Every structure is written in structure tokens, then in C-alpha cells.
Amino acid sequence: MATYPLRIAGNMQQLIDQTLAAIGSLSLELAPRRFGRVVACDGGLIEVSGLGVPIGTICTIAQGASLRHRAETIGFRNGHTMMMMLGDTVLLRPGAEVRAEGKPGMLHVGSEFLGRAVDGAGEPIDGGGPVLATTTWPAGGHRVGALDRSRVTQMFDCGIRSLNALTTFGVGQRIGIMAGSGVGKSVLMDMIVDNAEADAVVVGLIGERAREVSDFVSRHMAGERAANTAIVAVPADHAANLRLRGAMLATSIAEHLRSQGKRVLLILDSLTRVAHAAREIGILLGEPGAARGYPPSALSTITKMIERAGNSKETGGAITGIYTVLADGDDHNDPVVDTARAILDGHIVLSREIAQRGQYPAVDVGASLSRVMNDIVSVEHVENARKFRALSASFEENRDLIMMGAYRQGTDSLLDEAIIRQPRMSDFLAQGTGERVDMTSATMQLSHLFSDGH
Ligand SMILES: Nc1ncnc2c1ncn2[C@@H]1O[C@H](COP(=O)(O)OP(=O)(O)OP(=O)(O)O)[C@@H](O)[C@H]1O
Ligand SMILES: [Mg+2]
């Protein structure tokens, strides 16, 4: 009879021991939890009181268990932190709690992004699982001295005959593709992604149509080059800071790959939409608009972003950057066009007139220029390209006269030659979307154009 209570006491003791052991293994977080509260909302801009976090910090705004918003810190004023919503403001209410998450100003990068398509926040949009990248990289890039950028000395094969032959790109060059809307920038970019020679391709589709984005992702994530391609896509209906973040993410992924010695092709479609996003943020923060409403910070944002491409002396890696620039209303004096033209090492101009004739890619040879070409190709190649330009300029200048039959042969020997060679020259410029013409064939075909008697 006496053993019975003893057994109960033993069991109790065991239970207490187990409970204490479970409590002992818990980690207690005793630091004060920091959060602020939403005090104002004005469009996509919200003001938060009581949360002093650095610019670039991503914050979560929680209202109850199921409703979460995200916002990014873009400035502060009068003791309040200004944040921009990453989604829309529907159902956001005053007083909602705001908490910081992650490391401010850092993005996840890494080769895990190759073969994947993600949005501006790095979340997958290709239907796959999360991208498990652990390396972090500053969104604005590591600042390097001007002397770390080695010279452009090697040819870059972009797979397009007219560009390879007449405006040869170099590895580490930054090039703009400029044209009005609907002239073929995106299609040309698409061809370059398919045909260019590079260790890795990073594509930023910023502010483009959602339909084009899904088209692009499904096409390029299925091909044989998919494993070396990373896509960051932020369509036009996403918040301005997400669009900007998308461009920064694409550039950061490319920079990280370059730091591993890779030769990366970075494509950004379009730089103008990145400038629009930066303009929106600048104006929200009260910066005065200067040229065409672009505050100075918007133009300096794109300048800094372009400067991040180039060769790295330290690692031997390179980022060849190709940026599309929308020449609004075919106006080539737009501030973004001007800024880009000043900082880029070359620009390809696509012409609406040529496109209307049905000649694609509609490269305007006379207006296009690669500033590094003469340093990287043979003397004979430079000479042939110069001759092509001269003949093409002469023909284009007199096109109307010739078409009207008002030109008499023998008046101008350059024009006479241009008229004879014109059909073969326009065939040379045209290229089907599925066709690839590498550097060697492009230069050979160019010299064949002039090697015969006519
Ligand atoms: N190489 C090509 N071959 C045949 N058609 C082409 C080619 N390039 C462009 N096009 C035609 O031109 C249209 C517009 O091209 P694209 O979408 O590339 O223009 P864009 O310059 O990117 O326009 P936006 O500025 O509006 O984005 C295409 O839908 C297609 O019909
Ligand atoms: Mg386009």
C-alpha cells in the first residue's frame, strides 16, 4: 500500500523535469521589439512615426494575422520616415504597425538566379520554388575606382549581322538601342539574348507590358540557353520603387557574376522606364522637376547604373551592357536619350522609316555608332564598314530623287556605286528573327560585298 503514493510522486518529478528541460531549451528574445506606426498615406507614399531605419530598408506592415503590406524606406522628414508601398495601399489603415526586415540596402544575388525568372523583390515568377540565394550585394553596387575599369579590347559577338559588321561591340562596352515606340527594340533585344556569346545573360525587363514579360519568360526559360540566363521582370503596373529595385537587382546579379570572372551580358529593357520610376520617386519626395519633369536625381540614377557595367581589371570578368532607350515621339533630344548618349560607349538607332519599309532589324546605319569599334577590329574591317556607311548615306540622301527617276547616272560616282550595290546592302542589313550570324561570317560577308566588281 505504501508504494502507491511514492510512484505518483516519481511520475510528478519526471513531468516537472521534462517541462523544465523543454523551457530551458527555448531561446528567449528579450531585446525590445521595434516598430512604428503608419500616420499618413498619400498615394503610394506613407509616413511612419517612431521607426528610425536607414533608407533602403524594406518593412512589413502588419494588420492582423492575414493582411500584410510591404514598403521600402525612401526618405525621412520632420521625424517621420517616408516609405513607398511595394504593392497597392488597398485596406491599409492608420496606426498599422511597421517593422523592419532584412539588411537595409542589400539584395540577394548569386548563380542561383541563373535559369530563373524573378520579380523586383527577387520572388520567383516562373512557377518554381523560392530562389535560395544567400550571398548579399549592395543594391547600389560596390564602388570601384575608375582605374579598375580596364579598356575594351575584345570583340563582342552579338549574333546580329549588321551590328557585328558595322558597329562592332566590344566585351565590356555599354550600348544603347534608341528608337521610338514600336520600332523593334524589344525584338532586337530578344534576338541578341538568343544569339550573343556570353558566359551568362542577365535580362531586366522593366516597365514593359505584362503580356510581353510572360511571353519572354516562357520562351527564354525553355531554350537551351536557359541555364545561363537570369530574368528580372517588373511590368509597368508595379510600384515605381519595385521597378527601380528590379533594375538594381539585375545589375547586382550581373556584378556578382562578373566578380567571379564571368563575361556577362546585361540587357535592360527599358532604361527610359527606369528613369520614369526614378522620376516618380523624386517627385513624390518633393524634388523639383527639371528637364521634362525629370528631377536631377532621376538622371543621376541612370548614369550611376550604366557606370556599373564594364570590364573589371581585378577579376577579368566583364559586363557588356545593352540598354534600350525610348526616344519619345521619335524625339532624339529627350533628357534620357541625351544622358544615355553622353555616358554610353555607343548607340544603335532604329528608324521608323526603315521599319515601315519592312526591313528588320531597322538599324539606321548612318546614325548608329560604336565608339570602341576602331580599336578592336582590323583595318580592313574598319575600311569596309566606312565604305558601307558612305554608300548607304549617299543612297538615303538621294532616295526620293532616285525613286522619282530624277537622278541621271554619271553625275555622282559614289551615288552610282550606291545604286548598284543597294539591293545587296539592304539584304545585308535584314535578318530574320531566328537567324544567327556570328562575327566571322558577318565580317566575311561584309568584305564579299565589296570584293567583286560591283
Ligand atoms: N525583326 C523583326 N521582324 C519582324 N517584325 C518585327 C521585327 N522587329 C519588330 N517587328 C515588328 O514591330 C513590332 C514592335 O516591335 P517591338 O515590340 O520590338 O517594339 P519596341 O521598340 O520594343 O516598342 P515599345 O517601345 O513599344 O516597347 C513587333 O510586334 C513586330 O510586329
Ligand atoms: Mg519594347
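Predicted model: local features only at pLDDT ≥ 70, side-chain atom pairs only at ≥ 80, totals over all residues.

## Around the ligand

Residues are numbered from 1 along each chain as its sequence is written, chains are lettered from A and ligands numbered from 1 in the order in which they are written, and side-chain values use heavy atoms, with hydrogens and water left out.

Which residues come nearest to ligand 1? Of the 14 around it, they are Gly182, Lys185, Ser186, Val187 and Arg209; a residue is near if one of its heavy atoms lies within 4 Å of the molecule. Helix 3 (residues 185-195) gives the largest share of this shell, with three residues. Helices (H or I, at least four residues) and strands (E, at least two) are DSSP runs, numbered from the N terminus.

## Contacts with ligand oxygens

Now for the atom pairs. A side-chain N or O atom of Lys185 lies 2.8 Å from an oxygen atom of ligand 1. Gly184 uses its backbone instead, with an N or O atom 3.1 Å from a ligand oxygen. For Ser181, an N or O atom in the side chain is 3.3 Å from an oxygen atom of ligand 1. A polar contact here is a pair of N or O atoms within 3.5 Å.

On its own, ligand 1 has 630 Å² of accessible area, and the protein covers 71% of that (Shrake-Rupley method, 1.4 Å probe).

## The pocket that holds it

Ligand 1 sits in the second largest pocket, meaning that more than half of its atoms lie within 2 Å of the pocket's grid points. A pocket is found on a 1 Å grid over the protein atoms alone, as an open set of points where a 1.4 Å probe fits, with protein on both sides within 12 Å along at least five of seven lines; lining residues have an atom within 4 Å of a point.

This second largest pocket has a volume of about 560 Å³, the volume being the space filled by probe spheres set on the points. Of its 33 lining residues, Gly184, Lys185, Ser186, Val187 and Glu212 are closest to the centre. Helix 3 shows up again, supplying the largest share of the lining with eight residues. By class, the lining has 16 nonpolar, seven polar and 10 charged residues.

## The largest pocket

The largest pocket has a volume of about 1,300 Å³. It is lined by 50 residues, and Ala139, Gly140, Gly141, Lys304 and Arg308 lie nearest its centre. Helix 7 gives the largest share of that lining, eight residues. The split by class is 15 nonpolar, 20 polar and 15 charged.

Two cis peptide bonds are worth a look. One joins Asp269 and Ser270, with omega about 5°, and Ser270 lies in the loop between strand 15 and helix 6. Another joins Tyr360 and Pro361, with omega about -10°; Pro361 is in the loop between helix 9 (352-356) and strand 19 (369-370).

Asn78 is not a glycine, yet has a positive phi of about 50°. Its place is the loop between strand 4 and strand 5 (80-85).

Note on methods: Polar contact = N/O pair within 3.5 Å; in protein donor to acceptor, adjacent residues only side chain to side chain. Nonpolar A, V, L, I, M, F, W, Y, C, P; charged D, E, K, R; others polar.
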